[in-house]
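Colleague: Before we discuss any labels, could you put the model up, so that each term can be set against its cut-off?

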Amino acid sequence: MLSLALQAADTISSIFAPVSTPAMKEASLATMVLILSLVVFVVVAGLIAYSVVRFRAPAGERTSEPPQVYGSAQVEAAWTAVPLIIVIVLMLATGRVIHEIQAATAPPNAVEVTVIGRQWWWEIRYPKLGVVTANELHVPVSDSLVRRPTFLTLQSSDVAHSFWVPRVAGKTDLIPNRTNHMWVEPREAGTFLGQCAEYCGTQHTLMLLRIVAEPPEQFARWVEQQRQAAGTAPAEPVAAAGRRVFLGTVCAGCHTVAGSAANGKNGPDLTHLMSRATIGAGAAPNVRDRLRTWIRNPDDVKHGVLMPAMQLDDEQLDQLVEYLLTLR
Ligand code: CUA
C-alpha cells in the first residue's frame, strides 16, 4: 500500500503515455493494431447484427430450414484476401518496429549502464562513469538537436527478473547466465516508475524501480556527486559512533560505502544512500523513522528480505541511522 502511495505521488505509469523513443514506437504500433482490430470488429459484428435482424423469421411463422446457399467464388475470394492483407500489414509494421528497436546501435555519446536483477532490488552500475547505485536509474534526456540514449546491459545474479518502466520502454528479462540488452531514450525530464515484471519470489511486488530522466547538465552534476567517496568519519559524534557500528557489524560485509572499509557486494551500495527516494526497492520512503524501522527488523517492512536484523540496541540504532543520514 505504501509503495502504491509512493507511485501515486509521482507520475502514473501508462503504456499510452510514452516519453521515450522505444516506448513511443511501441505505443504507436499498438495504437495502429488496436484501431485496425476495432475496424474489423465493427465490420464483422455489424454484418452479423444486420443479418440476425434482417433475416429473422417473422413471428409465429415456423419454417423448416432456411434456404441453404453454397459457393460464391467472389465472396470467398474477398473474405480470404482482405484478412490476408490485414495480417501482412500487421506483420510488416510489427517487424519494422522490432527491427528499429533491436538493431539500434549506441551512438558514441550513449550512456552505458549494467543493471543486475537481485532478489529483490536492482543493482545499477555505470562502468565508464565509475558510479554504482541501486533501484534508481538516472539518465540524460534527449532533445531535438542531440540524442543521448542510454544502453542497458541486463543480467541477473539469482532468478529471472524483468525490467519494465512502461512509459520508457517495453519489458526485457534479466536471466541468469545470459546477457540481454535494451535501450531507453527519454525526451522529457521526469521520474518514471517501473517494476519487476517477472515473478521472482515472495517480494516480487516490492521490486520497484524508477528512471530519473534529467537535462544533461543536471545528469552530469548527479554523476559528479555520485562519484565522490564518503569514507571519512562524520564530525558529529553520534554519526561517528554510528559509523563505528556500521563498520563493526555485518553491515559492512554486504554493503559498500566507497572510501571506507565497507566493501560488501551482496547488498545495495550505500555510498549515497540518502540520494535515493526509497528503502528496499520501493518498500518504504527513505526517511529517518522508516530507515530506523527498516534496520531494526527489515523483515517487518519487507517480509522475506535477505537483510537480517542486527539485534542492535536502541542507542546503536539511533547512532547507525544518524550515520546513514550523512551518506548524501
Ligand atoms: Cu524481480 Cu520479480
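Colleague: Leaving aside neighbours within four places in sequence, which residues is S20 in contact with?

Modeller: S20 is in contact with R167, V168, V184, E185, P186 and R187, where contact means heavy atoms within 4.5 Å. This is a predicted model, in which local features need pLDDT of at least 70 and side-chain atom pairs count only at pLDDT 80 or more, while totals for chains, interfaces and linings use all residues. Residues are numbered from 1 along each chain as its sequence is written, and side-chain values use heavy atoms, with hydrogens and water left out.

Colleague: Why is S20 called buried?

Modeller: Its relative accessibility is 0%, and buried means under 20% relative accessible area, with exposed over 50% and partly exposed in between (1.4 Å probe, protein chains only), so S20 counts as buried.

Colleague: What makes R147 and E185 a salt bridge?

Modeller: The term requires a side-chain nitrogen of Lys or Arg within 4 Å of a carboxyl oxygen of Asp or Glu, and the N to O distance for R147 and E185 is 2.8 Å, so the pair qualifies. R147 lies in the loop between β4 (136-140) and β5 (150-156) and E185 in the loop between β8 (180-184) and β9 (190-196), so the pair ties together parts that are 38 residues apart in sequence.

Colleague: Which of the words buried, partly exposed or exposed applies to R147, and which to E185?

Modeller: R147 is partly exposed, because its relative accessible area is 42%, whereas E185 counts as buried at 0% relative accessibility.

Note on methods: Helices (H or I, at least four residues) and strands (E, at least two) are DSSP runs, numbered from the N terminus.
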